[in-house]
Amino acid sequence: MRSVAHLERKAAALLLLTIALIAGATVYLLYARGAFETTQTLVLTSDDSEGVTVGMDMTFSGFPIGRVSKLELAPDGNVRIVVAVASKDAHWLRESSVFTLVKGLVGGTTIKAYSGMLQDPPLQDGAERPVLRGDATAEIPQIVAMAKDLLNNLSMMTAQDSALGKSMDQIRQLGEKLNGESGAMEVLLGTPENARKTVEMLDRANQLLARMDHVVRRADQQVFDADGVMPQVRQTVQTLNQLLQETRASLKKLDAVLVNAESISANVNDASSDLGQLRNEVESNLRKIEDMLTDLQRKWPFAKGAKEAEVQLP
């Protein structure tokens, strides 16, 4: 084989390059993991740390702002979860922030922070806060029990002698009646006999309506035809109108006669009043004559045997 010039130098250079690449990758990984960032400490206390591991992220609104750096057991038996929070993200944590430790049915355990009042004072370095635990798997027995009760209730509902079964049987009977000869009429009236009577009554009503229609047509012909009652009534009304017009003309003539009679009556009344006055004067003169004759008879006794003079008024 042909010897390679400066083999030892090239090997040493390759080894140094490899070491430099490994060191650079390590430094990059440490940087990416935030090893060179300034952090502040947050201690979360819980009665159980199942599912929590070192290196787990703590999220805020879905973004990781801290990482679990250590787990330790406190003297009172609780678990202390030490979280390293990056200083650039620490402003999201406030004194009123709430921390939860949730273990879901699918996926691992998550630590989340909630800050509802961002205007509250910021959380201090080394602060200790309790964490609220939520274990979805703990509700599985209760869910199974509820599902069992639901299945039992469903089985009771679908039994043959259950209320639902009786209702379905009644619905089936109702469907049979609807598909029967009388149909909905039997359902509404209860029995086939009542349905038959109702149908007969409707037939009779239709016959009666047909007869009434015929009678109405006959009456229409008798009343409104050319030889009916209405044309004759119209002619009678026209005749009455002519008679009324003639009567009105006669009354006008009678009014004129009455006016003349009224003037004649006024003249007769005047003449009657003059005659009454003349009669009164004649009666007065006759009474005076009678008084004079009576006086003469007293003065002439020889005239007692003569016939008494009588004066008669007209």
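Is F60 buried or exposed? F60 counts as buried, at 11% relative accessibility. Buried means under 20% relative accessible area, exposed means over 50%, and partly exposed lies in between (1.4 Å probe, protein chains only).

1. Basis of the note. This is a predicted model: local features need pLDDT of at least 70, side-chain atom pairs count only at pLDDT 80 or more, and totals for chains, interfaces and linings use all residues. Residues are numbered from 1 along each chain as its sequence is written, and side-chain values use heavy atoms, without hydrogens and water.

2. Overall layout. The protein chain has six helices and seven strands. These are DSSP runs, numbered from the N terminus: helices are H or I with at least four residues, strands E with at least two. The order from the N terminus is α-β-β-β-β-β-β-β-α-α-α-α-α.

3. Chain totals. Of the 314 residues, 15% count as buried. The protein chain exposes about 24700 Å², and carbon and sulfur atoms supply 60% of that area. Accessible areas come from the Shrake-Rupley method with a 1.4 Å probe; for residues, only the protein chains shown count as cover.

4. Strand β2 (residues 57-60) runs antiparallel to strand β3 (residues 63-73), and four bridges join them. Strands pair if DSSP finds at least two bridges between them. T59 has P64 in β3 as its bridge partner. Two residues lie between the strands, and S61 in the turn has a positive phi of about 55 degrees.

5. Hairpin of β3 and β4. Strand β4 (residues 79-86) pairs with β3 over seven bridges, again in the antiparallel sense. E72 stands opposite R80 in β4. Five residues separate the strands, and G77 takes a positive phi near 95 degrees.

6. Aromatic pair. Rings of Phe, Tyr and Trp (its six-membered ring) pair if their centres lie within 6.5 Å; planes under 30 degrees apart count as stacked, over 60 as edge-to-face, the rest as tilted. By this rule there is one aromatic pair. F60 and W92 form it, stacked, at 5.5 Å centre to centre with 25 degrees between the planes. The pair links distant parts of the chain: F60 is in strand β2, and W92 is in the loop between β4 and β5 (98-103), 32 residues apart. W92 is partly exposed, because its relative accessible area is 33%.

7. Helix α1. L14 is found in helix α1 (residues 7-32). L14 is exposed, because its relative accessible area is 55%.
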